[in-house]
Amino acid sequence: MMVSSLPRVIQATDSLSHDVDLAANEKSTLVVVQEDQGTSETPQIVSIVGSLHAGAELTICVISLGEIVGSVLVDVTFLGEEARCELSGLSLVSGKTHLKLITSMHHDVPSCFSRQTFKYVVSDHALTEHEGKVHVKQHAQLTDSAQSNQSLLLSPDARVITRPQLEIYADDVKAAHGASIGQLDSEAVFYLQSRGFSLEAAKRLLLEGFVSEILDQLPEGCDEIKQQVLERLV
Amino acid sequence: MLSIKNLYVRVDGSDILKDFSLVIGSGEVHAIMGPNGAGKSTLAKALSGHPDYEIVSGEVNLDGQDLLALDAAERAQLGLFMSFQYPVEIPGVNNASFLRMAYNAKRKVAGQAEVDPMEFEVILQKKLELLKIDESFLERAVNHGFSGGEKKRNEILQMAILDPKLAILDETDSGLDIDSLRIVAEAVNALRDSQNSFLLITHYQRLLNYIKPDFVHVMVDGRIVQTGPAELALVLEEKGYDGF
């Protein structure tokens with residue numbers, strides 16, 4: 001496991017558990033990268049628990065690359081008003097991957113902001129599951145939350161299961177959610193081919209476009225991680 | 001330049017092009033007009049190599065090369081360009097980078113050195129000026145969130161960058177307001193020279209007010225039924241396609 005200064009980047013080779021407790025107005029960015037497990041048959045469990053006091057800002061990005069069996073659990077609780085959490089994830093998974101993500105945003109106090117943005121590119125026999133939860137307590141008015149899951153299936157045996165779950169007891173909140181699962185758009189592939197891109201180059205460019213939303217959000221100092229991701233798109 | 005002989009094309013099990021033949025010489029502009037369902041867009045898609053368009057029989061040569069033996073990318077690299085009736089949005093892919101990659105792909109095949117972003121910027125600026133296109137086009141993702149008119153102008157920008165031998169404009173005029181139509185037409189006129197050719201596919205005569213074709217063909221039921229000079233378009237505008 002490698003930990004560096006801001007942004008905190010964790011290369012998760014084994015299971016890990018990480019607690020982030022942010023005091024009022026504190027800011028933190030955490031990037032977790034998990035890559036092929038190799039011969040290890042033990043499921044990898046990545047667990048991140050965040051607690052945010054008033055005005056705190058937490059940014060988390062989880063990147064999963066290759067063949068992975070395991071779970072990613074992210075559980076964030078808002079304890080003070082005007083706190084913000086941006087959680088994003090990118091999975092480029094293949095082989096016999098079975099990756100399960102369970103992400104939860106607990107809006108216990110008013111006026112907090114949460115975003116969950118995930119993209120999946122799934123090939124071979126890989127399976128990903130994502131339960132994305134947003135829980136808004138009765139007095140947590142003016143909560144602003146959104147979650148989006150977009151998945152591309154690159155092989156007939158690839159599977160994606162996505163379950164956005166909203167549990168809302170307040171009546172003045174924003175809680176958007178959206179999910180899409182599809183394949184590379186054949187008309188877009190043809191469009192690029194008609195501009196002289198080979199079939200392979202066309203598909204790669206479309207994938208680059210697909211993952212760019214997540215990569216563009218990565219903080220400065222993550223060039224190596226971006227490179228790691230782009231190399232996986234071949 | 002382009003020679004199409006006895007082309008039959010099938011889509012979803014239906015024969016759409018039936019014994020279609022056409023010859024386009026260097027420097028010529030041809031317009032194909034015809035009613036809905038005549039097979040005009042099928043012709044454009046089949047020529048550009050769309051995999052859903054099955055070539056049943058026939059021959060197509062571009063500059064002496066068998067076009068039908070090539071895939072869509074190879075046809076483009078050879079110098080064929082189609083302006084799409086409905087250009088596809090490519091989110092997350094920067095328009096300027098996309099143009100540079102397409103430009104370099106073509107150069108690579110031609111055995112020329114690729115240009116770097118700085119060199120390409122110079123080429124791009126000239127084309128933007130020529131086509132009166134705003135620089136903000138370059139910073140956006142390819143066609144993403146573009147209006148209908150912007151998409152068509154982006155097609156013309158791609159055409160200008162790729163400098164094709166033969167450009168097929170598939171209903172480039174449809175969905176354009178009169179000002180956008182004029183801008184697109186002026187761009188085509190600016191790009192026209194003795195070495196390239198254009199095939200304009202359109203329903204309406206109005207595009208031909210701005211781009212004067214050398215020949216107008218009437219297409220009905222998968223083949224050309226009449227060919228005439230530019231003035232034929234005016235006759236069609238007046239009398240419609242009922243007589244064919």
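The model is predicted. About 1,700 Å² is buried between the two chains, and the largest pocket holds about 550 Å³ of space.

**Contact between chain A and chain B**

- Chain A brings 17 residues to the contact and chain B brings 28 residues.
- Carbon and sulfur atoms give 69% of the area buried between the chains.
- On the chain A side, F190(A), Y191(A) and R195(A) lose the most area to chain B, together 44% of what that side buries.
- The chains share 1 salt bridge; R195(A) forms it with E155(B), with the closest N and O atoms 2.7 Å apart.
- Between the chains, 10 residue pairs are in polar contact.
- Helices α1 (186–193) and α2 (199–217) of chain A each supply at least two residues of the side that touches chain B, and α1(A) gives the most, with 6 residues.
- That side of chain A has 8 nonpolar, 6 polar and 3 charged residues.

**Largest pocket**

- Its lining has 25 residues, and E200(A), K203(A), R204(A), L233(A) and V234(A) lie nearest the centre.
- Residues come from both chains, including at least two each from β7 (84–93) and α2 of chain A and from α3 (95–109) of chain B.
- The most come from α2(A), with 7 residues.
- The lining has 13 nonpolar, 5 polar and 7 charged residues.

**Second largest pocket**

- This pocket has a volume of about 330 Å³.
- It is lined by 19 residues, of which L152(A), D185(A), L206(A), F210(A) and P91(B) are the closest to its centre.
- Here α2(A) gives the most to the lining, with 4 residues.
- The lining divides into 8 nonpolar, 8 polar and 3 charged residues.

Definitions and conventions: Residues numbered from 1 in each chain as written. Chains lettered and ligands numbered in written order. Predicted model: local features only at pLDDT ≥ 70, side-chain atom pairs only at ≥ 80, totals over all residues. Heavy atoms only, no water. Contact = heavy atoms within 4.5 Å. Buried area = accessible area lost by both parts, 1.4 Å probe. Salt bridge = Lys/Arg side-chain N within 4 Å of Asp/Glu carboxyl O. Polar contact = N/O pair within 3.5 Å; in protein donor to acceptor, adjacent residues only side chain to side chain. Nonpolar A, V, L, I, M, F, W, Y, C, P; charged D, E, K, R; others polar. 1 Å grid on protein atoms, 1.4 Å probe; cavity = no way out; pocket = protein on both sides within 12 Å on 5 of 7 lines; lining within 4 Å. Points joined across faces, edges and corners; volume = space filled by probe spheres on them.
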